[in-house]
Amino acid sequence: MHSLTQEVICIRAHKRTRCVVERGIGQLKRRFHVLHGEIWLTPEKASRVITVCAILHNLCKQHNIPQPEEEDDDEGGVAAPVQQSGVAYRAHYTNTHFG
């Protein structure tokens with residue numbers, strides 16, 4: 001096994017975490033359509049809506065209520081691809097927090 005640089009370790013940890021977070025957001029968006037677009041509420045009320053959606057989602061999972069079927073829409077819950085401009089930020093973040 002070869003030794004990994006701090007940057008590689010950071011990138012792998014970020015990738016795993018991002019996948020889990022995006023999967024969770026996708027599940028919430030499939031179950032609660034209000035989360036598909038902009039929420040036209042104050043930040044305080046919007047955070048309450050999101051929190052309630054998360055609580056209700058967890059209750060649905062506890063009671064084995066299945067996810068709704070996926071719809072074919074333009075958003076689809078898929079994140080935009082990472083752009084090359086992120087390489088410099090990632091290097092800075094890695095050096096700051098893992099260097």
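Trainee: Where is Asn 64 placed?
Mentor: Asn 64 lies in the loop between α2 and α3 (86-98); helices here are DSSP runs of H or I with at least four residues, numbered from the N terminus. This is a predicted model, where local features need pLDDT of at least 70, side-chain atom pairs count only at pLDDT 80 or more, and totals for chains, interfaces and linings use all residues. Residues are numbered from 1 along each chain as its sequence is written, and side-chain values use heavy atoms, leaving out hydrogens and water.

Trainee: Is Asn 64 buried or exposed?
Mentor: Asn 64 is exposed, at a relative accessible area of 67%. Buried means under 20%, exposed over 50%, and partly exposed in between (1.4 Å probe, protein chains only).

Trainee: What is the phi of Asn 64?
Mentor: Near 55 degrees, a positive value in a residue other than glycine.

Trainee: New topic. How many salt bridges does the structure hold?
Mentor: The structure has 1 salt bridge, meaning a side-chain nitrogen of Lys or Arg within 4 Å of a carboxyl oxygen of Asp or Glu. Glu 22 and Arg 18 form that contact, at 2.6 Å from N to O.

Trainee: How many residues apart are Glu 22 and Arg 18 in helix α1?
Mentor: They are 4 residues apart, so about one helical turn separates Glu 22 from Arg 18.

Trainee: And what is the relative accessibility of Glu 22?
Mentor: Glu 22 has 31%, so it counts as partly exposed. Arg 18, at 29%, also counts as partly exposed.

Notes:
Helices (H or I, at least four residues) and strands (E, at least two) are DSSP runs, numbered from the N terminus.
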